[in-house]
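Subject: Structure for your review

Dear colleague,

Please find the structure below, together with its sequence. I would be grateful if you could read the notes with the model open beside them.

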Amino acid sequence: MAKLTNKREENLGGYIVHGIPFPIETDPDSLAFLKKMAPIQIEQPYAITYLHSYGQDSPWFAAVSNKKLLTTQDPESGYTYGTPRGHDMYSGSETVWIDITDRPAKVHAFTVCHFGSEEFLPETPFVLALVQFEGVNTLFLTRLLGVDPDEASLDWIEMPVEPRFLRNSKLKPTDVYFVPASG
Amino acid sequence: MRPVYAVSGGVSKFAKARPDKTFQAIVKEAYDYAIADIGLDFPTFTSLVDGSVASYFSDHFSRQLMAAIMAQDYLGLIPKPSHRVEGGGATGGLNFQEAWKSIASGHMDICVSYGFETMSHVETWKGNEFIALASDASWDYPVGGFYSGYYAMMVTRHMKEFGTTVEQMAHVSVKNHINAYHNPYAQKRSRYTIEDIRNSPMVAWPLTRLDICVMSDGAAATILVSEEGLEKLEKAGANIPRPLVLVTGIGRGTDAMRMSDRPHADYDTFMRDYATEQERGSDETRAYYQKLWDHGTRYPGVHSFRAGRTAGNMAYQHAGISDPLEELDFVELHDAYTSSEIQTYEDLGLCRYGEGGPFAASGKAFMPGVDYGLDLEDDPVCPVNPSGGLIACGHPVGATGLMQAVFAIWQLQNSIEKHFQDSTLQLKDARRGAIHSHAGTGTYVTVSILEREE
């Protein structure tokens, strides 16, 4: 049985107050009493839309929207990143794009998020996983589907997985996600 | 470099919310305490201090850019030199080291470092979002940005590779909460059991709410001086306790913002670039690591913090420490998660990589003379987070690393009872301690060594 909560969830909302308690006279005694006043707190909504550029990483997002998973590689050493980088951190050279859509992959680490940032709260519980690809030196952060979040197990680590692509791209890294490998 | 003395510190009460004061006034609580503790009045100290370093993590929380100058202004420190330092969770540790540099370089004789954060201005889930924006906003945040999730992934790998258990992690939470029971500055002063930790709500498997630090409002300040600065303060009537506390070592390290970019280095690279002096010198330890690598361990992967190991090795070399477990009397480390305390035991060389779990449950990192209600195999050797750490004291980010410095100064001044009105957390004859401040998923890490002048 799920653990029962004895605390009601609260938010910042409240009544609009007309008239703040304040001394009628501003004599020294009344002004001194203001040192004992509770603080006034107000809401300050804040919203902004950013124009975010993926810059040199843009081809990766174009690829996933076309159901291809790309990454980058140092052309000399062959050092390959699970998450693309425009330049190799060891040689400093510009990397080249390679296609890893069909590379065997497995779960390197994972968690089930039962709580989270405000933006992702409606999606809880969700599974975050770091995936490792055969012949690739670093990892890729993704969502793992097709596993039961209530049955988390260390056995998921090393589990073979394969990519799935959103039919309607959102141009986010979540346009690709992973599921247990079918074969 | 000149010797640097840490002569005083102050901490505001850390709390879930401090709507009673603005951030500047909360900083002033800590600042005034540090001045009063050496017996000076505000105008006298103001006339002597050469400048400051300020720290806070996020403009988002206060919705105020350049908040540091507002604190500088409120403290009456204008027009003296100052700058703001920011480096995620390590912001306070970086601040302390910048103040150290100001003194060691000869640029200042008396420097005050102050830091703060007021995280209560938004709901916890929005706070989590702000913090998660300290991960790659193209690649990490949009996948489900949540720091507890990132740390939970690290620990599932640690558990898989090394056999670390959730009960071992819970030992850290029990220890730090019960330590904080005796610390009046702590946000959470509760006695928990292993079962309490495991039965608290799951946040990111396997981390429960009691495996994770909380958001806080708070501030902390330290005063660092040169020999000349010490002379100036004392000439003005300051009462600086003897023996003095010296900052004898500083170290820093960094790592990639994206956890996924961390390398998976082979055995030879690990031994050459990252092993501690002690690890390199032990046949038995080299064989132990060879066996780990034969079973697939690679370094640092996502289970270890290369930045922490780099910072620790650098600070130890600076301070002349070769066996940290034996040569440090205590460590105040960045336990944002019980799991990261275990990972940090390993990074700081208190035990070997892979042995952090058993170390956590052994008793070696516990305080002597405190009843934890646990059956611990070993006696305390090097208490870790005697103050209660972030898990119990709270984590007002820009203040946290300085809070650790203040508690370390008080330990080494033998003045815990004076400040806590309780002597339980005073280590007998504490001579040398380390403070460790940590950002992101291990992106910036600082380690500073403080010791009592002999």
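Predicted model: local features only at pLDDT ≥ 70, side-chain atom pairs only at ≥ 80, totals over all residues.

Residues are numbered from 1 along each chain as its sequence is written, chains are lettered from A and ligands numbered from 1 in the order in which they are written, and side-chain values use heavy atoms, with hydrogens and water left out.

Cysteines

A search of the whole structure finds zero disulfides over all chains, a disulfide being a pair of cysteine sulfur atoms within 2.5 Å. For B:Cys213, the closest cysteine sulfur is that of B:Cys393, and the separation of 11 Å is too far for a bond. B:Cys213 is buried at 16% relative accessibility, where buried means under 20% relative accessible area, exposed over 50%, and partly exposed in between (1.4 Å probe, protein chains only).

Strand S4

Helices (H or I, at least four residues) and strands (E, at least two) are DSSP runs, numbered from the N terminus. Strand S4 of chain B covers residues 110-118, and nine of its nine residues are buried, so it is largely enclosed by the rest of the structure. One of them, B:Cys111, has a relative accessible area of 0%. B:Cys111, B:Ser113, B:Gly115 and B:Glu117 point one way from S4(B), whereas B:Ile110, B:Val112, B:Tyr114, B:Phe116 and B:Thr118 point the other way.

Two strands pair if DSSP finds at least two bridges between them. S4(B) pairs with strand S2 (residues 51-55) of chain B in the parallel sense over five bridges, and with strand S7 (residues 217-225) of chain B in the antiparallel sense over nine bridges. B:Gly115 is the bridge partner of B:Ser55 and also stands opposite B:Ala220 in S7(B).

Residue B:Thr276

B:Thr276 lies in the loop between helix H12 (267-273) and helix H13 (277-280) of chain B. Is B:Thr276 buried or exposed? B:Thr276 is buried, with a relative accessible area of 6%. Not counting residues up to four places away in sequence, B:Thr276 touches B:Arg309, B:Asn313 and B:Gly349; contact means heavy atoms within 4.5 Å. Its C-alpha atom is separated by 37 Å from that of B:Ser200, 76 residues apart along the chain.

Yours sincerely,
A colleague
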